[in-house]
Amino acid sequence: TLTSLVPTQVFDLVQARLQAPKHLRAIVVGGGALSASLYQSARALGWSLLPSYGMSETCSQIATASLSSLAQNEIPPMNLLSHVKVKTNAEGFLLIQSPSLLTCYAQVQAGVAKHWDPKQVTWFQTEDKVLIRDSELQILGRAQDYIKIGGETVLLSRLREKFESIVLQQNPALSSAFALAEIESERLGSEIHLFFESHVAAEAVQSVQKVYNETVLPFERIRETKAIAKIPRTDLGKILYSELKSAHIIKKDG
């Protein structure tokens with residue numbers, strides 16, 4: 001009656017238009033950000049999703065939506081669990097204190113075991129920028145999600161969520177065939193490129209690009225589109241953006 005999934009697996013359920021089994025009470029979703037559009041699409045198919053935030057360093061979840069949130073269809077806030085204390089530093093990054101927090105990191109380098117304690121006077125700093133309201137936690141984005149385009153700060157995860165929503169509305173079957181990536185630019189610092197699998201029709205690419213460009217700020221628009229054989233992904237379906245960027249460099253140099 002209970003299980004856990006990552007957003008990519010939720011996406012696969014939605015793409016396949018699978019209905020949730022009636023005996024399933026709830027699914028804890030972690031391992032990545034769950035967009036509002038994907039959440040609502042899954043809920044429409046009967047999947048009872050509880051967005052959560054956790055990490056290996058605490059051996060646990062840190063915040064999870066409540067069961068009562070399933071009474072509504074809007075993506076719910078995540079409530080902090082009782083074992084954690086949280087705060088933010090001057091840059092807005094989340095700091096955590098908990099009895100379940102790691103003791104140290106350990107790694108073997110060149111045959112030599114090394115260990116170190118990343119905590120700062122019992123607090124562990126994450127790479128996530130957040131908002132904390134009473135007992136609720138809102139994730140704004142990871143450090144690497146913030147990029148500069150023409151001097152403007154842009155949250156890349158927000159653009160990807162917007163693009164995913166557009167594709168889900170237009171053609172859910174093609175959702176896994178697209179990926180947005182930031183590419184270094186001498187003029188702008190970074191710019192947004194759209195990668196798509198070569199089997200996707202040109203009209204479909206032009207359609208999603210047009211709608212996306214009309215809904216974002218001018219400097220956030222897609223500046224180039226690139227066809228590749230297949231979007232590189234991990235075994236769990238997460239996009240390998242480093243490989244996408246490598247494909248861009250190889251194609252450019254070639």
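**Exercise 1. Which residues form one aromatic cluster with Phe163?**

Step 1. Phe163, Phe178 and Tyr212 form one aromatic cluster. Rings of Phe, Tyr and Trp (its six-membered ring) pair if their centres lie within 6.5 Å; planes under 30 degrees apart are stacked, over 60 edge-to-face, and the rest tilted.

Step 2. Know your source: this is a predicted model, where local features need pLDDT of at least 70, side-chain atom pairs count only at pLDDT 80 or more, and totals for chains, interfaces and linings use all residues. Residues are numbered from 1 along each chain as its sequence is written, and side-chain values use heavy atoms, with hydrogens and water left out.

**Exercise 2. Describe the aromatic pairs.**

Step 1. Count them. The structure holds three aromatic pairs.

Step 2. Take Tyr105 and Trp116. Their pair is tilted, with 5.7 Å centre to centre and 50° between the planes. Tyr105 is in strand 8 (residues 105-109) and Trp116 in strand 9 (residues 112-116), 11 residues apart. Helices (H or I, at least four residues) and strands (E, at least two) are DSSP runs, numbered from the N terminus.

Step 3. Take Phe163 and Phe178. This pair is edge-to-face: 5.7 Å centre to centre, 75° between the planes. Phe163 belongs to helix 3 (residues 156-170) and Phe178 to strand 14, so the pair ties together parts 15 residues apart in sequence.

Step 4. Check accessibility. Phe163 is buried, at 5% relative accessible area. Phe178 is buried too, at 5%. Buried means under 20% relative accessible area, exposed over 50%, partly exposed in between (1.4 Å probe, protein chains only).

**Exercise 3. Why is strand 14 largely enclosed by the rest of the structure? Which sense does its pairing with strand 15 have?**

Step 1. Look at burial. Seven of the eight residues of strand 14 (residues 178-185) are buried, so the strand is largely enclosed.

Step 2. Find the partner. Strand 14 pairs with strand 15 (residues 189-197) in the antiparallel sense, over eight bridges. Two strands pair if DSSP finds at least two bridges between them.

Step 3. Pick one bridge. Ala179 has Phe195 as its bridge partner in strand 15.

Step 4. Look at the link. The two strands form a hairpin with three residues between them.

**Exercise 4. How many disulfides does the structure hold?**

Step 1. Count: zero. A disulfide is a pair of cysteine sulfur atoms within 2.5 Å.

Step 2. Cys59 is exposed at 67% relative accessible area, whereas Cys104 is partly exposed at 31%.
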